[in-house]
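Subject: Structure handover

Hi,

Here is the structure for you to look through. Please open it first, then read the notes below.

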Amino acid sequence: MQTDRPFWHVQNCGKSYRDVKDWEEEFKSCSIILTEEEKKSKFAKYFYRDLTEPTPELLLAAERENELPEEETFMPDEFAVRMNAENIKNLKSGYRVLNNGIGFTSMRVLQPGLTDEVMDAFLKYYKPEGDLFYKNWYPNVHARHYSDMAIENVGRGMERVFFVDSMTAEKLGVFEDTPGQDPACIAIDGGVVISEPMHQFGKNRKYLVETCYYRDIPGGRETIINFWIGLTWKDGKFISMLPEGEKVDQLEVRALFEHCAWEFAQQQQMILLFWEDWQKGYFK
């Protein structure tokens with residue numbers, strides 16, 4: 001489900017990871033800090049900002065030994081029910097290793113100030129060169145975003161994060177005529193991901209499914225982000241990629257939850273800082 005209203009999209013560097021012929025040379029040009037050329041950009045100012053903290057609720061939810069109860073978790077095949085108008089208000093933020101071994105996170109990120117006007121201006125006029133969009137989003141953590149892959153640190157060192165498929169509302173069982181649909185919903189998207197350590201080609205691979213649910217709140221928006229580590233989408237269904245009897249490590253699930261909380265706090269901060277500058281005529 002998507003509307004014609006503006007919602008979050010990531011600007012990439014303009015090429016696919018499949019275009020890369022020599023990864024060792026590619027890595028040499030890939031950095032979490034700004035290059036001398038990037039420092040000259042009028043958008044470089046956002047890289048040097050003081051980062052903002054996630055909300056106290058999300059920081060509390062990310063604490064060790066503070067897993068969600070099993071009954072507060074769900075698998076993707078329950079997405080449509082959990083996100084309907086009746087149940088969505090009861091969603092809790094947190095993380096857990098499920099009884100089936102899958103690592104689960106769910107997070108509500110309140111984003112006051114992100115109105116349609118603000119998002120529309122950001123998407124149309126915030127156009128950093130090259131890697132700057134991704135670096136500015138989460139300084140010193142994000143390195144490069146391709147059309148189908150990203151390089152970043154998600155809690156276990158620098159990784160290549162491959163986007164192998166989209167995660168649509170229809171795959172999640174949400175259709176235009178779904179009964180009880182949430183009237184505040186703006187859009188639903190996400191992805192099917194495989195990640196691996198940056199210099200370990202094809203080794204220590206991790207599989208996950210991500211969903212992003214964008215909805216209205218008074219004076220802004222909220223984004224609900226879910227991850228299922230160890231899961232993928234194949235042949236029209238969700239399947240576990242975990243060996244029989246294996247569980248995702250709790251610390252890995254917690255690290256992803258914490259990363260996401262900080263990442264989306266920086267997203268909101270970056271957008272609102274740009275909006276302030278746009279209103280002042282900084283980019284006009």
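Which residue in β7 stands opposite A187? Y214 does. Keep in mind that this is a predicted model.

**The sheet**

β6 covers residues 185-197, and β7 covers residues 206-217. The two are joined by 10 bridges and pair in the antiparallel sense. D189 gives another pair to look for, as it stands opposite C212 in β7.

Now look at the other partner of β6. Strand β5 is made of residues 158-166. Seven bridges link β5 to β6, and the two run antiparallel. Here V161 stands opposite S195 in β6.

How many of the 13 residues of β6 are buried? The count is 12, so β6 is largely enclosed by the rest of the structure.

Next, zoom out. The sheet is open and has eight strands. Their order is β1-β2-β8-β7-β6-β5-β4-β3, with antiparallel pairing. Which strands stand at the edges? They are β1 (94-97) and β3 (142-145). Each has a single partner strand, so one side of each is left without a neighbour in the sheet. On average, neighbouring strands are turned by 20° against each other, direction ignored.

A quick reminder on pairing: strands of a sheet pair through backbone hydrogen bonds, either parallel or antiparallel.

**The helix across it**

Find helix α7, residues 250-279. The helix lies across β1, β2 (103-112), β3, β4 (149-153), β7 and β8 (220-229). Against β2, α7 runs at about 15°.

**Two charged residues in α7**

Start with E263, which is in helix α7. E263 is buried yet has no salt bridge. Where is the nearest side chain of opposite charge? That is R49, 10 Å away. E263 does have a polar contact, side chain to side chain, with H142 at 2.7 Å. Setting aside neighbours within four places in sequence, E263 is in contact with W137, Y138, H142 and E152.

Then take R254, also placed in helix α7. R254 is buried and has no salt bridge. For R254, the nearest side chain of opposite charge is E258, 4.0 Å away. Neighbours within four places in sequence aside, R254 is in contact with A62, E63, R64 and Y95.

Best wishes

Definitions and conventions: Residues numbered from 1 in each chain as written. Predicted model: local features only at pLDDT ≥ 70, side-chain atom pairs only at ≥ 80, totals over all residues. Heavy atoms only, no water. Pairing = 2+ DSSP bridges. Helix = DSSP H or I, 4+ residues; strand = E, 2+ residues; numbered from the N terminus. Axes fitted to C-alpha atoms, helices over the stretch in contact; angles between N-to-C directions. Contact = heavy atoms within 4.5 Å. Buried < 20%, exposed > 50% of the residue type's maximum accessible area, 1.4 Å probe, protein only. Lys, Arg positive; Asp, Glu negative; His and termini not counted. Polar contact = N/O pair within 3.5 Å; in protein donor to acceptor, adjacent residues only side chain to side chain.
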